Amino acid sequence: MSAGRPPFSPSDLEALLVPLLVLLVLAPMVLFLVFDGDSMKVLASLMSAVVVVAALALSTGFTALTWVYVRSVHLVLFQGHNPEIPGPGPGDPAEFGYHGGPAWRDLAEVRSRVRRRTGLLVLFLLPHLAVHAAVVLTHTAWAWVGAAVLRLVDGGLLRYRRVRMLCPRCFERMAYPSYECVHCGRVHRDVRPGRLGVFRRRCLCGQSMPTLLVLGSAELNALCPHCLQGLEHRPGEARELPIALFGGTGAGKTRLTHGLHAALEHAAASHPGARVELASEDTRHRLGNSALMLSPRQRVPPTRPGRRARGLVLRVTAGRRALMVQVYDTAGEWFGRLERTEELTYLGKTTTFVLVVDPLAMPPVWDALDAGERRRLAEERSLTPDPEQVYMQVRDGIAHQYGTSARGLGRTRLAVVVTRGDLLAGTSIAPADVPPERWVREVLGMRNVLRAARSDFGSTRVFVTGAVVAPDGSPDPSLTTLARWLLAPEAEEFTAMLAPEPAAEAAPVGPDPTVPAREVR
Ligand SMILES: Nc1nc2c(ncn2[C@@H]2O[C@H](COP(=O)(O)OP(=O)(O)OP(=O)(O)O)[C@@H](O)[C@H]2O)c(=O)[nH]1
Ligand SMILES: [Mg+2]
Ligand SMILES: [Zn+2]
Ligand SMILES: [Zn+2]
């Protein structure tokens, strides 16, 4: 604050009054002498002098008062001579936008300064303060309208593009990602336009940052506002497709995840403008070696049951479309008890489900194999519980998460995927020319599951897959067929990218080309 003498004060006025009074007494005497006692001339001259002096005094006083006001505005608005406003709190480590408080605080400070300096004469500054208040009001109103419009446009765009953000770590939906300041690393929980900024906000460290995805916030490090874990996949940029895999221990979920990754990557490689990126460190760690995992004699290690699932994120781009495929692959143990299944809250935020079934674990299949086949396949057989039990358990979990009315389940899709098609090929019970659904119903004996699935899910389809790659690295076409069905509701670009290669679908790779790669409703 400035401690110097004020530029104008009431005592200055008093000091002026004395010489003025002296002048008023002396002037008529001088004029009387000058005009030889012509009283009319003296009076006229005196009147003119009074008018001129009064006008001069008024305009000088007004200019001086205006100067006091302008100087106060300069000091308060531009030199920071104003009291600090405490920040909004640790969740929002940013300075208030000018419309979000400081504009009114500055007006109040200017008013009290001019009042201190001019005393009662502040009455002459009321028009100045009124104009100032009108400017602040207009600025604030426009800023809030701007913030509301920006939020509406951004929210509308997200809704139009049907972008809904799901945290792959804590499975909570995000209204908007939180962002980290590039300079100091402070976390800004909600950067959207508001009292902390319209187009941009200023972090407490002074760094300016955008307030919306459309204004460039996607370039910053994003975090989940619920669990504050980093989200490397830049949520909000593209639509998300969460896919929840479920099935007993060793059914083949993890191998199928590698298979879907390989199918997408292979399809993208042969399509100009298409690509598949593993969009998080965790995904790179877990899916980085898909080609190796899918080699025919390779065994995929079991998923650690103690660890809670994390969504794997693959960013698939085809032409101008991008899609964030989130794959939830949890160890089979999580589907054994309802209390555990209920912890998998992603089930309530997913519409695409995959029930993974090991056919060798099904007694009717195993019993139908001959002794030689059983010997050859004994090590490939998992000891998974009955898929019907897993299905019912997860179905109840999903219904619970969707709410008691199970509203919205009509939009859900279920793929029933029988794995190890490559191993079954050539056996006496290979699904050869039988449509997969009939084969699953009659040979695997899954009549009840299929019937329940039809009524529980919006649409259901049966697939037989062989999660293997040919020696040239191309994935079995059954994987591409499944990937195409999973991505089909998203955009034509993905369907085109995953279109079957000529004659490839009819002749899947793998040890025996008789494994069907068809999908049947
Ligand atoms: N050849 C072949 N092997 C498969 C196929 N699917 C699964 N397997 C094998 O079956 C075993 C179990 O597969 P996983 O993918 O680990 O099964 P999971 O469902 O993830 O098991 P958990 O994570 O323990 O619940 C692994 O040795 C896989 O290599 C398949 O389609 N073909
Ligand atoms: Mg697994
Ligand atoms: Zn989270
Ligand atoms: Zn900062």
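Before listing neighbours, I note that a residue counts as near a molecule if its C-beta atom, placed from the backbone, lies within 6 Å of it. I also keep in mind that this is a predicted model.

**Entry 1: around the ligand.** I looked up the shell of ligand 1 and found 24 residues around it, of which G252, T254, R255, T303 and G332 come nearest. Sorted by class, this shell holds 8 nonpolar, 11 polar and 5 charged residues.

**Entry 2: helices in the shell.** Which helix gives the most to the shell around ligand 1? I found that α5 does, with 3 residues. Both α5, which spans 253–269, and α12, which spans 421–424, supply at least two residues each.

**Entry 3: backbone angles.** I wrote down first that most residues other than glycine have a negative phi. I then looked up R234, whose phi is near 55°, a positive value in a residue other than glycine. R234 sits in the loop between β8 (230–231) and β9 (239–246). For R420 I found a phi near 65°, which is again positive in a residue other than glycine, and its place is the loop between β14 (413–418) and α12.

**Entry 4: burial of these two.** Is R420 buried or exposed? R420 is buried, because 26 other C-beta atoms lie within 10 Å and the cut-off for buried is 20 or more. R234, by contrast, is partly exposed, because it has 19 other C-beta atoms within 10 Å, which falls between the limits of 12 or fewer for exposed and 20 or more for buried.

Methods. Residues are numbered from 1 along each chain as its sequence is written. Chains are lettered from A and ligands numbered from 1 in the order in which they are written. This is a predicted model: local features need pLDDT of at least 70, side-chain atom pairs count only at pLDDT 80 or more; totals for chains, interfaces and linings use all residues. Helices (H or I, at least four residues) and strands (E, at least two) are DSSP runs, numbered from the N terminus. Ala, Val, Leu, Ile, Met, Phe, Trp, Tyr, Cys and Pro count as nonpolar, Asp, Glu, Lys and Arg as charged, and the others, Gly among them, as polar.
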